Amino acid sequence: MPLWQRTAAGFLLGILAGVVVGPASAVWFKPLGDLYLNLVRMVVVPLVFFTIAASVATLAQAGNVARLGLRTLAWFVITSLIAVLVGFAFGHLVNPGLGLSNLPLGEVRPRAIPSPLEVIIGIVPTNPVKAFAEGNVLQILFFAGLVGGALVALGDKAAEVRRFVDGGAAVIFRITRWVLQLTPIGTFGLIAWVVGRYGLASLAPLAKFILAMYLACLFHIVVVYGGLIKAHGLSAGRFFRGVLPAQQMAFATSSSLATLPMTLRTAVERLGVPQAYASFAVPLGANVKMDGCGAIYPAIASIFIAQYFGLNLSLTQYVLIGLSAVLGSLGTAGVPGTSIVMLTLTLNTAGLPLEGIGYIVAIDRVVDMMRTATNVTGQVLVPVLVAKEEGILDEAVYGGTGQPAREPALAPAE
């Protein structure tokens, strides 16, 4: 039975268990989800280090790393801009803030928003060992990139280290495969807890806001992402079948980093992205590619808050919201609580009342599941598009008729 089918079964059983057991789900089922998340987080740091170091070394040898990096970042920005426009459209289509009053305020923990200079400085670790211990993925990415570049520069002098890095990548991939087989159990525990904790009655006051978010995210995934796939001459149906396991895991865990092992496996083994490139692009995307959290959510939430407080947004405010959403997702990479940080940044920039965050924070987990599924879909989409444009996509694997090569050939685009 394929993993995605087992995960879907765990998802449906989790909903049923949450409805039947109710709030006691936190005692009965949440530990299953927590154990699974701990296992996934256990492999994230070594996975990022070994795969990034090995992929940068391979890409640098092929002369592809700069071109692939720039093209990847360009698609990150383009799709994020489209996501903001989708958020605006569905915000006004559903009008989630009209007709509401006296909503209960939730607790909002204040979060410091770093300046762009602080973000850049923070990427460089003062102590790589501390970065590994704290799980600071952005600093690990930077350090691993330096290690990969040094392996290429030293050549045969670092042959033993290169073999160690390649071997480490193989070992962590094997451990990751074992951990991912537990996804159905983890999904069951997490979904049962969410359904049991919230219930349907608690979601009713903000049903229109939840509806706007889910419709916008689904439209962005199906129409925008699907349209870009078809525009590149690929099958949209095949893409969505391939990315489904990563979407399921993202929906259950509400974490791009926790989904990273599955996202990487999906891109390589189900959609034909060369491992050397996917190991570079997917971890980068897990930190900076946030179409759900960083683009659609701030756009709809800004409209909701403006409508709730009876404010009319000007054209200037729309532009400011769009720019802060797109650039902010890149500028707040690696900052914990991305969605709240992004919303705070957006509201500050547009001059909207920050206390509005307190009205929607209570249903943040329910919305976050769909936001994260959108994030992860985009994190797979961009490597597929770039690999197709560069002529390095294995279309036999993409079409489901081939197996990924152990060491995919990477050649410069003609």
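I began with the nonpolar cores, and the largest one holds 126 residues, with Phe-209, Ile-229, Phe-239, Tyr-277 and Val-384 making the most contacts inside it. Helix H3 (residues 30–62) contributes the most to this core, at 16 residues. For my own record, a nonpolar core is a set of buried Ala, Val, Leu, Ile, Met, Phe, Trp, Tyr and Cys residues joined through side-chain atoms within 4.5 Å. Buried means under 20% relative accessible area, exposed over 50%, and partly exposed in between (1.4 Å probe, protein chains only).

A note on the source: this is a predicted model, where local features need pLDDT of at least 70, side-chain atom pairs count only at pLDDT 80 or more, and totals for chains, interfaces and linings use all residues. Residues are numbered from 1 along each chain as its sequence is written, and side-chain values use heavy atoms, with hydrogens and water left out.

**Overall**

I found 19 helices and zero strands in the protein; these are DSSP runs numbered from the N terminus (helices H or I, at least four residues; strands E, at least two). Of the 414 residues, 54% are buried. I also looked at contacts (heavy atoms within 4.5 Å): among those between residues at least 6 apart in sequence, 83% join residues at least 24 apart.

**Val-384**

Leaving out residues up to four places away in sequence, Val-384 touches Ile-229, Leu-234, Phe-239, Leu-271, Val-273, Leu-393 and Tyr-398.

**Aromatic rings**

I searched the whole structure and got 17 aromatic pairs. Rings of Phe, Tyr and Trp (its six-membered ring) pair if their centres lie within 6.5 Å; planes under 30 degrees apart count as stacked, over 60 as edge-to-face and the rest as tilted. Phe-49 and Phe-50 have ring centres 5.3 Å apart and planes at 70 degrees, so I logged the pair as edge-to-face. Phe-49 is buried at 12% relative accessible area, and Phe-50 is buried at 14%.

Tyr-308 and Phe-309 are also edge-to-face, because their planes stand at 85 degrees, with the centres 5.5 Å apart. Tyr-308 is buried at 16%, whereas Phe-309 is partly exposed at 32%. Both belong to a cluster that ring pairs build from Phe-209, Tyr-297, Phe-304, Tyr-308, Phe-309 and Tyr-359.

Tyr-297 has a charge over its face too: Arg-371 lies there, 4.2 Å from the ring centre. Lys-30 does likewise over Trp-193, at 5.0 Å. The test asks for NZ of Lys or CZ of Arg within 6 Å of the ring centre and within 35 degrees of the ring normal.

**Gln-379**

Next I looked at Gln-379, in helix H18 (residues 364–390). Gln-379 is buried, with a relative accessible area of 1%. A polar atom of its side chain lies 3.3 Å from the backbone oxygen of Gly-285. Beyond residues up to four places away in sequence, Gln-379 touches Ser-256, Thr-263, Val-282, Gly-285, Ala-286 and Lys-289.

**Positive phi**

Asn-95 has phi near 50 degrees and sits in the loop between helix H4 (65–94) and helix H5 (116–123). Ser-254 has phi near 55 degrees, in the loop between helix H11 (236–253) and helix H12 (256–270). Asn-95 is partly exposed at 22%, while Ser-254 is buried at 13%.

Definitions and conventions: Polar contact = N/O pair within 3.5 Å; in protein donor to acceptor, adjacent residues only side chain to side chain.
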